[in-house]
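Subject: Handover of a structure and findings

Dear colleague,

Please find the structure below, together with its sequence.

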Amino acid sequence: MGRFAELQDLMQHAILAGDSRVLETLAPGGQEDKAVLLDVYRSAYVLRLVEIIGNDLPVLKAYLGETNFNGLCRTFIKARPSTNRNARWVSQGLADFAAATPPWADHPEMGEIAWLERALGNAFDAADAPVLGLEDLGAVAADDWPSLVFALRPSLELGQFTTNAGDIWIELQDGGEDHPPVAALDEPQAVAVWREGLTSKWRMLPPEEAMLLRAVHDGVPFGALCEMAAVFAGADTAAARTAGCLQGWLCAGMLSGWKTG
Amino acid sequence: MSRHPFLGFGLGLRSQHYRDIFDGEPAVDWFEVISENYMVDGGQPLAMLERIRERYPIVMHGVSMSIASTAEPDLEYLKRLRGLADRFEPAWVSDHLCWTGVHGVNLHDLLPIPYTREGLDHVASRIHLVQDMLGRAMVIENVSTYVQFAESEMHEWEFLAELTRRTGCSLLFDVNNVYVSAFNHGYDPLEFLNAIPLDSVAQFHLAGHSDMGTYKIDTHDHPVPEEVWSLYADALWQFGPVSAMIERDDNIPALVELMPEVERARAIAVDVLGREAGTPQRASLQVAE
């Protein structure tokens with residue numbers, strides 16, 4: 001390793017780990033002690049990343065309060081230094097981190113709020129794709145319907161809530177200060193996040209719809225979706241229920257195309 | 001005299017101002033966009049940039065090329081940057097003389113380097129690589145620094161001047177950064193200014209900083225202070241008409257509050273260089289087809 005690389009190594013250690021060996025390589029400061037000037041970089045590193053995460057996850061910040069939010073961010077930054085050049089991705093792992101790390105892991109709504117905010121951010125600048133509309137399916141021959149395979153828009157992301165994190169998000173997202181008390185859901189419930197036009201959206205999915213949408217994600221053709229619905233909640237209305245879900249996805253702009261399997 | 005197109009007087013594009021820009025068509029000659037904000041797959045950022053580009057010339061300004069880093073070059077980053085530049089046709093692409101991390105970590109800061117011959121060789125070779133990958137000459141910005149390495153063998157301005165000679169790159173002369181670093185390290189900013197090759201400066205940045213008493217921090221969260229306006233006038237004397245812009249990254253006010261700073265940059269150029277220096281070159285104002 002050349003000296004140029006060694007100095008970068010020392011400087012990075014100083015910022016990430018508080019190692020002060022780099023001080024020996026620094027020239028005296030103009031009007032200030034060089035240790036104080038080195039601290040400018042150390043504190044800026046943490047403050048900048050906390051600010052970036054706060055911009056990405058404003059509802060989690062409002063829910064936790066500034067002090068607790070900063071505590072979570074600082075722990076996260078220390079445990080998982082950023083590895084992506086684009087600051088846009090700094091908050092990407094925070095939901096999983098909060099869900100797996102005490103004491104935040106004891107409050108699953110925190111990880112779920114973080115997941116929702118990050119998924120909305122992902123949808124915001126996900127790849128563009130055509131929007132499949134009801135009218136696009138008008139020409140499909142009846143015999144082809146069972147083998148239709150649908151493509152989801154690239155922005156669509158599926159997650160799962162075990163708490164009323166969604167209700168808390170709704171109350172806090174516009175700068176509100178009050179939110180419902182945290183409560184566990186009777187059963188975990190799926191949630192879909194996607195982009196309609198230029199706007200990120202989300203909604204909770206009933207269990208049957210969640211099952212069918214996951215199957216669409218996995219490339220299951222329409223006929224097999226109807227069979228899954230028949231097993232899930234009765235055969236008599238399975239095709240109609242599946243068609244109802246399909247209509248909802250089309251109207252919401254969740255699908256981008258189809259092909260016959 | 002700068003060898004680059006004179007775009008006039010611009011502003012850093014910030015998403016908070018999209019609506020005002022589209023509704024009001026402000027008297028901004030051009031916009032500088034943060035490259036990384038648009039190195040995404042789709043959605044609103046690229047849709048907004050398309051609309052901006054239909055109306056205004058742009059330049060692309062990156063914050064994470066990490067051109068001085070000793071880590072392996074990130075070819076995926078450069079490919080994506082090239083794709084963005086090819087799509088939006090900026091007048092030029094710039095980034096900073098700094099590094100942002102090694103060993104796979106990114107510190108999201110513009111970190112200082114020692115100004116050594118070894119460093120010069122390293123950075124020059126990286127600039128050659130980047131210029132080859134991007135298919136265009138780079139514009140390199142001087143950063144604000146708070147520490148200096150005792151092992152430096154030359155001044156920052158000598159390092160930058162030699163880089164332009166070795167690589168053909170140009171300079172983004174950040175007036176505020178020169179002022180901040182000069183204060184922090186106790187040198188005369190005019191010494192910096194006088195050492196820069198006259199035709200190498202493509203662009204000026206004008207910004208504010210935070211005064212901590214014994215040192216200054218480049219926060220970009222204040223209006224441009226008088227000392228920086230004064231150094232800007234000196235730079236105009238030195239370099240002639242150069243595309244200049246107001247850079248505000250924090251405490252971002254409404255667009256209407258930033259416009260007087262854009263107009264002041266224009267007025268100072270007219271005062272120093274004459275009426276023609278207030279109007280961009282016509283050829284520079286072409287917008288995307």
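Across the interface of chain A and chain B in this predicted model, there are 24 residue pairs in polar contact. Two helices of chain A, H1 (3-17) and H2 (34-56), each supply at least two residues of the side that touches chain B. Of the elements of chain A, H2(A) gives the most to that side, with eleven residues. Sorted by class, the side of chain A that touches chain B has 24 nonpolar, eleven polar and eleven charged residues.

The extent of the interface can be stated in two ways. In terms of contacts, 46 residues of chain A meet 55 residues of chain B. In terms of area, about 4,100 Å² is buried between the two chains, and carbon and sulfur atoms give 60% of that area. Which three residues supply more than any others of the area that chain A buries against chain B? They are A:Phe4, A:Tyr41 and A:Arg85, which together supply 23% of it.

Charged side chains also meet across this interface, where three salt bridges are found between chain A and chain B. A:Arg85 forms a salt bridge with B:Asp74, and the closest N and O atoms of the two are 3.0 Å apart.

A:Arg85 is also in contact with B:Ser64. B:Ser64 is placed in the loop between strand E3 (58-61) and helix H3 (75-88) of chain B. Is B:Ser64 buried or exposed? Its relative accessible area is 2%, which is under the 20% limit, so B:Ser64 is buried. Its side chain makes a polar contact with the side chain of B:Glu36, at 2.7 Å. Leaving aside neighbours within four places in sequence, the residues in contact with B:Ser64 also include B:Tyr77, B:Asp95 and B:Thr100.

B:His17 lies in the loop between strand E1 (9-12) and helix H1 (18-24) of chain B. B:His17 is buried, with a relative accessible area of 2%. Not counting residues up to four places away in sequence, B:His17 touches B:Ile252, B:Pro253, B:Ala254, B:Leu255 and B:Leu258.

I turn now to the aromatic rings. A pair of such rings is described by the distance of the centres and the angle of the planes. Over all chains, the whole structure has 20 aromatic pairs. In one of them, A:Trp145 and A:Phe222, the ring centres are 5.3 Å apart and the planes are at 70°, so the pair is edge-to-face. This pair links distant parts of the chain, 77 residues apart: A:Trp145 is in the loop between helix H6 (108-124) and strand E1 (148-152) of chain A, while A:Phe222 is in helix H9 (residues 222-233) of chain A. A:Trp145 is partly exposed, with a relative accessible area of 23%, whereas A:Phe222 is buried, at 10%.

A pair in chain B has another geometry. The rings of B:Phe204 and B:Phe239 have centres 6.2 Å apart and planes at 55°, so this pair is tilted. B:Phe204 lies in strand E7 (residues 201-206) and B:Phe239 in helix H8 (residues 226-239) of chain B, so the pair ties together parts 35 residues apart in sequence. Both B:Phe204 and B:Phe239 are buried. The two also belong to one aromatic cluster, along with B:Trp157, B:Phe173, B:Tyr187, B:Phe192, B:Trp229 and B:Tyr232.

Yours sincerely

Note on methods. Residues numbered from 1 in each chain as written. Chains lettered and ligands numbered in written order. Predicted model: local features only at pLDDT ≥ 70, side-chain atom pairs only at ≥ 80, totals over all residues. Heavy atoms only, no water. Contact = heavy atoms within 4.5 Å. Buried area = accessible area lost by both parts, 1.4 Å probe. Salt bridge = Lys/Arg side-chain N within 4 Å of Asp/Glu carboxyl O. Polar contact = N/O pair within 3.5 Å; in protein donor to acceptor, adjacent residues only side chain to side chain. Helix = DSSP H or I, 4+ residues; strand = E, 2+ residues; numbered from the N terminus. Nonpolar A, V, L, I, M, F, W, Y, C, P; charged D, E, K, R; others polar. Buried < 20%, exposed > 50% of the residue type's maximum accessible area, 1.4 Å probe, protein only. Phe/Tyr/Trp six-rings, centres within 6.5 Å; stacked < 30°, edge-to-face > 60°.
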